[in-house]
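User: I have this on my screen and would like to go through it piece by piece. Can we start with how strands are paired?

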Amino acid sequence: MRVVITSRMPAVAEELLRAARLEVAIDEVGHDASEERLEERLIAAMAGADAAITVLTNPITATVLAACNQLQVVANCAVGTNNIDLAAARAGNIVVTNTPGVLTEATAELTMALLLAVTRRVLEGDSMVRGGGFEGWHPLMLLGSSLSGKRLGIIGMGRIGRAVAIRARAFGMEIVYFSRSRADEAESSGARRIGFDDLLETSDVISIHAPLTPDTHHLVAAAALAKMKRGCFLINTARGPIVDERALVDALENNLLGGAGLDVYEDEPRVEPRLITMKNVVLLPHLGSATVETRNEMASMAARNVIAVLSGRQALNQVG
Ligand code: GLV
(Lines give C-alpha, C1' and ligand atoms only; values in the text may rest on other atoms or scores of the structure.)
Protein backbone atom coordinates (compact mmCIF):
# COMPACT_ATOMS: atom_id res chain seq x y z
CA MET A 1 0.00 0.00 0.00
CA ARG A 2 1.14 3.51 -0.79
CA VAL A 3 1.51 6.46 1.56
CA VAL A 4 2.20 10.00 0.42
CA ILE A 5 3.84 12.52 2.72
CA THR A 6 3.06 16.01 1.47
CA SER A 7 6.04 17.76 3.01
CA ARG A 8 9.56 17.02 4.07
CA MET A 9 9.49 16.21 7.77
CA PRO A 10 11.51 14.33 10.39
CA ALA A 11 12.75 11.04 8.92
CA VAL A 12 11.06 8.96 11.61
CA ALA A 13 7.75 9.12 9.69
CA GLU A 14 9.21 7.54 6.59
CA GLU A 15 11.27 5.05 8.62
CA LEU A 16 8.24 3.78 10.53
CA LEU A 17 6.16 3.47 7.38
CA ARG A 18 8.89 1.58 5.52
CA ALA A 19 9.45 -0.69 8.51
CA ALA A 20 5.73 -1.52 8.24
CA ARG A 21 6.38 -2.48 4.58
CA LEU A 22 4.48 0.42 3.13
CA GLU A 23 5.54 2.19 -0.03
CA VAL A 24 6.36 5.84 0.72
CA ALA A 25 6.50 8.87 -1.54
CA ILE A 26 7.49 12.31 -0.28
CA ASP A 27 5.98 15.02 -2.43
CA GLU A 28 6.57 18.53 -1.19
CA VAL A 29 3.30 20.25 -2.09
CA GLY A 30 4.34 23.64 -0.69
CA HIS A 31 2.08 26.51 0.21
CA ASP A 32 3.03 29.37 -2.10
CA ALA A 33 0.01 29.20 -4.39
CA SER A 34 -3.72 29.85 -4.55
CA GLU A 35 -6.02 27.36 -2.85
CA GLU A 36 -7.09 26.03 -6.25
CA ARG A 37 -3.52 25.47 -7.34
CA LEU A 38 -2.73 23.78 -4.02
CA GLU A 39 -5.72 21.50 -4.49
CA GLU A 40 -4.38 20.52 -7.90
CA ARG A 41 -0.95 19.83 -6.47
CA LEU A 42 -2.42 17.78 -3.64
CA ILE A 43 -4.52 15.75 -6.02
CA ALA A 44 -1.50 15.11 -8.23
CA ALA A 45 0.47 14.00 -5.18
CA MET A 46 -2.20 11.95 -3.41
CA ALA A 47 -4.31 10.39 -6.18
CA GLY A 48 -3.94 6.62 -5.96
CA ALA A 49 -2.50 6.73 -2.43
CA ASP A 50 -4.03 4.67 0.38
CA ALA A 51 -2.94 7.13 3.02
CA ALA A 52 -1.50 10.62 3.32
CA ILE A 53 0.46 12.40 5.97
CA THR A 54 -0.46 16.04 5.55
CA VAL A 55 0.55 19.36 7.10
CA LEU A 56 -1.51 22.33 8.18
CA THR A 57 -0.80 24.35 5.03
CA ASN A 58 -2.51 21.68 2.87
CA PRO A 59 -6.14 22.50 2.07
CA ILE A 60 -7.64 19.00 2.23
CA THR A 61 -10.94 20.07 0.75
CA ALA A 62 -13.94 18.05 -0.46
CA THR A 63 -12.51 18.40 -3.99
CA VAL A 64 -9.19 16.87 -2.97
CA LEU A 65 -10.83 14.07 -0.99
CA ALA A 66 -13.22 13.23 -3.83
CA ALA A 67 -10.34 13.00 -6.31
CA CYS A 68 -8.30 10.69 -4.07
CA ASN A 69 -10.73 7.80 -4.01
CA GLN A 70 -8.34 5.22 -2.57
CA LEU A 71 -7.58 7.19 0.55
CA GLN A 72 -8.34 5.45 3.81
CA VAL A 73 -6.66 7.87 6.17
CA VAL A 74 -5.40 11.45 6.29
CA ALA A 75 -2.97 11.81 9.18
CA ASN A 76 -2.51 15.53 9.77
CA CYS A 77 0.86 16.31 11.31
CA ALA A 78 -0.69 18.96 13.57
CA VAL A 79 -3.14 19.11 16.42
CA GLY A 80 -5.42 21.52 14.51
CA THR A 81 -7.46 20.03 11.68
CA ASN A 82 -9.06 23.20 10.33
CA ASN A 83 -7.26 22.61 7.01
CA ILE A 84 -9.32 19.46 6.46
CA ASP A 85 -12.97 19.23 5.43
CA LEU A 86 -13.96 16.82 8.19
CA ALA A 87 -17.54 16.41 6.98
CA ALA A 88 -16.37 15.43 3.49
CA ALA A 89 -13.87 12.98 5.00
CA ARG A 90 -16.61 11.43 7.14
CA ALA A 91 -18.90 11.18 4.13
CA GLY A 92 -16.13 9.45 2.17
CA ASN A 93 -15.28 7.10 5.05
CA ILE A 94 -11.81 8.54 5.31
CA VAL A 95 -10.31 8.53 8.78
CA VAL A 96 -8.71 11.80 9.87
CA THR A 97 -6.13 11.85 12.65
CA ASN A 98 -4.13 14.57 14.39
CA THR A 99 -1.21 14.82 16.84
CA PRO A 100 -2.59 15.89 20.23
CA GLY A 101 -0.56 15.93 23.42
CA VAL A 102 2.94 15.79 21.98
CA LEU A 103 3.01 19.50 21.15
CA THR A 104 1.35 20.79 24.30
CA GLU A 105 4.52 21.66 26.20
CA ALA A 106 6.33 23.15 23.20
CA THR A 107 3.38 25.39 22.38
CA ALA A 108 2.99 26.47 26.01
CA GLU A 109 6.72 27.26 26.14
CA LEU A 110 6.47 29.40 23.02
CA THR A 111 3.45 31.17 24.49
CA MET A 112 5.54 32.09 27.53
CA ALA A 113 8.34 33.25 25.23
CA LEU A 114 5.95 35.62 23.46
CA LEU A 115 4.35 36.74 26.69
CA LEU A 116 7.71 37.60 28.24
CA ALA A 117 9.12 39.10 25.06
CA VAL A 118 6.20 41.45 24.59
CA THR A 119 5.73 42.53 28.21
CA ARG A 120 9.46 43.00 28.88
CA ARG A 121 10.28 44.58 25.51
CA VAL A 122 12.91 41.95 24.76
CA LEU A 123 13.15 42.68 21.03
CA GLU A 124 13.44 46.42 21.55
CA GLY A 125 16.26 45.80 24.02
CA ASP A 126 18.01 43.45 21.62
CA SER A 127 17.72 45.99 18.79
CA MET A 128 19.09 48.72 21.02
CA VAL A 129 22.18 46.71 21.90
CA ARG A 130 22.80 45.52 18.35
CA GLY A 131 22.20 49.02 16.96
CA GLY A 132 24.80 50.55 19.30
CA GLY A 133 22.10 52.47 21.19
CA PHE A 134 22.91 51.10 24.65
CA GLU A 135 24.66 53.95 26.40
CA GLY A 136 24.42 52.62 29.93
CA TRP A 137 21.81 51.65 32.51
CA HIS A 138 19.07 54.20 33.08
CA PRO A 139 16.17 54.12 35.57
CA LEU A 140 13.68 54.94 32.83
CA MET A 141 15.02 52.83 29.99
CA LEU A 142 12.66 50.40 28.22
CA LEU A 143 10.32 49.89 31.12
CA GLY A 144 7.95 46.98 30.60
CA SER A 145 5.10 45.45 32.56
CA SER A 146 5.45 42.98 35.43
CA LEU A 147 3.63 39.67 35.22
CA SER A 148 3.61 38.89 38.92
CA GLY A 149 0.27 39.80 40.45
CA LYS A 150 -1.36 40.35 37.05
CA ARG A 151 -4.34 38.50 35.65
CA LEU A 152 -3.94 36.16 32.68
CA GLY A 153 -7.13 35.41 30.77
CA ILE A 154 -6.96 32.19 28.80
CA ILE A 155 -9.42 31.70 25.97
CA GLY A 156 -9.89 27.94 25.44
CA MET A 157 -8.80 25.70 28.31
CA GLY A 158 -7.70 22.49 26.60
CA ARG A 159 -4.34 20.81 27.02
CA ILE A 160 -2.32 23.79 25.82
CA GLY A 161 -4.35 26.31 27.83
CA ARG A 162 -3.73 24.24 30.96
CA ALA A 163 0.00 23.98 30.29
CA VAL A 164 0.14 27.76 29.88
CA ALA A 165 -1.84 28.24 33.10
CA ILE A 166 0.66 26.14 35.07
CA ARG A 167 3.61 28.10 33.70
CA ALA A 168 1.98 31.49 34.20
CA ARG A 169 1.11 30.61 37.77
CA ALA A 170 4.77 29.96 38.42
CA PHE A 171 5.30 33.57 37.33
CA GLY A 172 2.87 34.70 40.03
CA MET A 173 -0.08 35.41 37.73
CA GLU A 174 -3.73 34.94 38.60
CA ILE A 175 -5.41 32.72 36.01
CA VAL A 176 -8.94 33.03 34.69
CA TYR A 177 -10.32 31.30 31.64
CA PHE A 178 -13.20 31.21 29.22
CA SER A 179 -14.22 27.84 27.89
CA ARG A 180 -17.40 26.11 26.80
CA SER A 181 -17.06 23.66 29.66
CA ARG A 182 -15.47 23.63 33.08
CA ALA A 183 -11.88 22.40 33.01
CA ASP A 184 -11.62 20.56 36.32
CA GLU A 185 -7.90 19.95 36.07
CA ALA A 186 -7.27 23.64 35.46
CA GLU A 187 -9.53 24.57 38.37
CA SER A 188 -7.63 22.28 40.68
CA SER A 189 -4.46 24.16 39.80
CA GLY A 190 -6.14 27.45 40.66
CA ALA A 191 -7.63 28.71 37.38
CA ARG A 192 -11.13 30.17 37.57
CA ARG A 193 -13.73 30.01 34.81
CA ILE A 194 -15.42 33.34 34.08
CA GLY A 195 -17.58 34.81 31.30
CA PHE A 196 -16.07 36.01 28.04
CA ASP A 197 -16.80 39.70 28.64
CA ASP A 198 -15.56 39.48 32.20
CA LEU A 199 -12.31 37.95 30.95
CA LEU A 200 -11.91 40.69 28.33
CA GLU A 201 -12.64 43.49 30.77
CA THR A 202 -10.41 42.34 33.62
CA SER A 203 -7.37 40.54 32.18
CA ASP A 204 -3.96 42.18 31.92
CA VAL A 205 -2.81 39.58 29.40
CA ILE A 206 -5.06 37.46 27.19
CA SER A 207 -3.80 34.32 25.53
CA ILE A 208 -5.75 32.32 22.96
CA HIS A 209 -5.69 28.51 23.04
CA ALA A 210 -8.90 27.52 21.26
CA PRO A 211 -9.21 25.53 18.05
CA LEU A 212 -10.36 27.35 14.91
CA THR A 213 -13.99 26.43 14.23
CA PRO A 214 -16.92 28.38 12.78
CA ASP A 215 -17.72 29.36 16.40
CA THR A 216 -14.27 30.77 17.15
CA HIS A 217 -13.68 32.50 13.81
CA HIS A 218 -13.20 36.22 14.65
CA LEU A 219 -14.10 35.56 18.28
CA VAL A 220 -11.68 38.38 19.02
CA ALA A 221 -12.89 41.15 16.71
CA ALA A 222 -13.45 44.90 17.17
CA ALA A 223 -16.18 44.53 19.82
CA ALA A 224 -14.06 42.19 21.95
CA LEU A 225 -10.94 44.31 21.53
CA ALA A 226 -12.86 47.40 22.63
CA LYS A 227 -13.84 45.66 25.85
CA MET A 228 -10.26 44.77 26.78
CA LYS A 229 -8.61 46.63 29.60
CA ARG A 230 -6.55 49.53 28.24
CA GLY A 231 -2.97 48.37 27.94
CA CYS A 232 -3.89 44.67 27.82
CA PHE A 233 -1.46 42.39 25.95
CA LEU A 234 -2.85 39.84 23.49
CA ILE A 235 -1.01 36.61 22.71
CA ASN A 236 -2.10 34.25 19.93
CA THR A 237 -0.38 30.91 19.37
CA ALA A 238 -3.58 29.13 18.26
CA ARG A 239 -4.93 30.06 14.82
CA GLY A 240 -4.84 33.47 13.12
CA PRO A 241 -8.48 33.70 12.03
CA ILE A 242 -9.68 33.55 15.65
CA VAL A 243 -8.59 37.20 15.72
CA ASP A 244 -9.78 39.82 13.26
CA GLU A 245 -6.27 40.94 12.34
CA ARG A 246 -7.30 44.31 10.93
CA ALA A 247 -9.31 45.13 14.03
CA LEU A 248 -6.33 44.10 16.15
CA VAL A 249 -4.02 46.42 14.25
CA ASP A 250 -6.54 49.27 14.59
CA ALA A 251 -6.69 48.65 18.35
CA LEU A 252 -2.89 48.67 18.55
CA GLU A 253 -2.70 51.86 16.49
CA ASN A 254 -5.21 53.52 18.78
CA ASN A 255 -3.18 52.45 21.82
CA LEU A 256 -6.06 50.43 23.22
CA LEU A 257 -3.73 47.49 23.72
CA GLY A 258 -0.29 47.49 25.30
CA GLY A 259 1.05 45.10 22.70
CA ALA A 260 0.63 41.75 21.04
CA GLY A 261 2.61 38.56 20.62
CA LEU A 262 1.58 36.66 17.51
CA ASP A 263 2.70 33.30 16.21
CA VAL A 264 -0.20 32.89 13.80
CA TYR A 265 -1.92 35.12 11.22
CA GLU A 266 -5.23 35.33 9.44
CA ASP A 267 -3.91 34.57 6.00
CA GLU A 268 -0.53 32.89 6.49
CA PRO A 269 2.11 33.52 5.38
CA ARG A 270 0.81 37.05 4.70
CA VAL A 271 1.19 39.42 7.66
CA GLU A 272 -0.76 42.65 7.90
CA PRO A 273 1.90 45.23 6.81
CA ARG A 274 1.03 47.70 9.57
CA LEU A 275 2.17 45.13 12.16
CA ILE A 276 5.68 45.05 10.79
CA THR A 277 6.69 48.48 12.04
CA MET A 278 5.04 48.26 15.46
CA LYS A 279 7.55 48.12 18.29
CA ASN A 280 5.13 46.70 20.85
CA VAL A 281 4.38 43.65 18.75
CA VAL A 282 6.42 40.44 18.59
CA LEU A 283 5.90 38.41 15.43
CA LEU A 284 6.88 34.78 15.00
CA PRO A 285 6.42 32.54 11.92
CA HIS A 286 4.06 29.87 13.37
CA LEU A 287 6.66 28.18 15.57
CA GLY A 288 4.41 26.82 18.33
CA SER A 289 5.43 23.18 17.95
CA ALA A 290 8.82 23.87 16.38
CA THR A 291 11.22 21.96 18.59
CA VAL A 292 13.26 19.00 17.39
CA GLU A 293 11.73 16.73 20.04
CA THR A 294 8.15 17.75 19.31
CA ARG A 295 8.39 17.59 15.52
CA ASN A 296 9.89 14.10 15.82
CA GLU A 297 7.00 13.01 18.02
CA MET A 298 4.44 14.56 15.67
CA ALA A 299 5.90 12.81 12.62
CA SER A 300 6.06 9.53 14.49
CA MET A 301 2.47 9.85 15.71
CA ALA A 302 1.19 10.62 12.22
CA ALA A 303 2.99 7.55 10.84
CA ARG A 304 1.67 5.32 13.62
CA ASN A 305 -1.85 6.49 12.85
CA VAL A 306 -1.41 5.60 9.19
CA ILE A 307 -0.02 2.17 10.06
CA ALA A 308 -2.90 1.46 12.44
CA VAL A 309 -5.58 2.31 9.88
CA LEU A 310 -3.88 0.51 6.98
CA SER A 311 -3.52 -2.58 9.18
CA GLY A 312 -7.24 -2.53 9.86
CA ARG A 313 -6.90 -1.27 13.42
CA GLN A 314 -8.47 1.73 15.14
CA ALA A 315 -6.49 4.96 14.65
CA LEU A 316 -4.70 6.19 17.75
CA ASN A 317 -5.84 9.77 17.39
CA GLN A 318 -8.98 9.84 15.29
CA VAL A 319 -10.65 13.24 14.96
CA GLY A 320 -14.41 13.63 14.98
C1 GLV B 1 0.10 23.72 14.89
O2 GLV B 1 -0.28 24.81 14.69
C3 GLV B 1 -0.74 22.56 15.08
O4 GLV B 1 -1.97 22.64 14.97
O5 GLV B 1 -0.18 21.50 15.34
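Analyst: Two strands pair if DSSP finds at least two bridges between them. Helices and strands are themselves DSSP runs, numbered from the N terminus: at least four residues of H or I for a helix, at least two of E for a strand. This is a predicted model, where local features need pLDDT of at least 70 and side-chain atom pairs pLDDT 80 or more, while totals for chains, interfaces and linings use all residues. Residues are numbered from 1 along each chain as its sequence is written, and side-chain values use heavy atoms, without hydrogens or water.

User: OK. Which residue in β3 is the bridge partner of Val3?

Analyst: The partner of Val3 is Ala51.

User: Which way do the side chains on β3 point?

Analyst: Strand β3 covers residues 51-54. Ala51 and Ile53 point one way, and Ala52 and Thr54 point the other way. All of them are buried, where buried means under 20% relative accessible area, exposed over 50%, and partly exposed in between, with a 1.4 Å probe and protein chains only.

User: What about Asp50, buried or exposed?

Analyst: Asp50 has 11% relative accessibility, so it counts as buried. Its place is in the loop between α2 (35-46) and β3. The C-alpha atoms of Asp50 and Val306 are 9.2 Å apart in space, although 256 residues separate them in sequence.

User: Change of topic. In what order do the strands of the open sheet lie?

Analyst: The order is β8-β7-β6-β9-β10-β11-β12, which makes 7 strands with parallel pairing. The edges are β8 (192-193) and β12 (281-283). Each has a single partner strand, so one side of each has no neighbour in the sheet.

User: Can you give me a pair from inside that sheet?

Analyst: Take β9 (residues 205-208) and β10 (residues 232-236), which run parallel and are joined by 4 bridges. Ser207 has Ile235 as its bridge partner in β10.

User: Which residues surround the ligand?

Analyst: Leu56, Ala78, Val79, Gly80, Leu103, Arg239 and His286 surround the ligand.

User: Where are the polar contacts?

Analyst: A polar contact here is a pair of N or O atoms within 3.5 Å. A polar backbone atom of Val79 is 2.8 Å from an oxygen atom of the ligand. For a polar backbone atom of Gly80, the distance to a ligand oxygen is 2.9 Å. Arg239 uses its side chain: an N or O atom there is 2.6 Å from an oxygen atom of the ligand.

User: What is the phi of His286?

Analyst: Phi of His286 is near 50 degrees, a positive value in a residue that is not glycine. His286 sits in the loop between β12 and α13 (292-310). Arg21 also has a positive phi, about 60 degrees, and is not a glycine either.

User: Where is Arg21?

Analyst: Arg21 lies in the loop between α1 (12-19) and β2 (23-26). With 75% relative accessibility, Arg21 counts as exposed.

User: Last one: which residues does the cis peptide bond join?

Analyst: The bond joins Glu268 and Pro269, with omega at about 5 degrees. Pro269 is in the loop between β11 (257-262) and α12 (273-276).

How values were computed: A residue is near a molecule or strand if one of its heavy atoms lies within 4 Å of it. A polar contact is a pair of N or O atoms within 3.5 Å; within protein, one must be able to donate a hydrogen and the other to accept it, and residues adjacent in sequence count only if both atoms are side-chain atoms.
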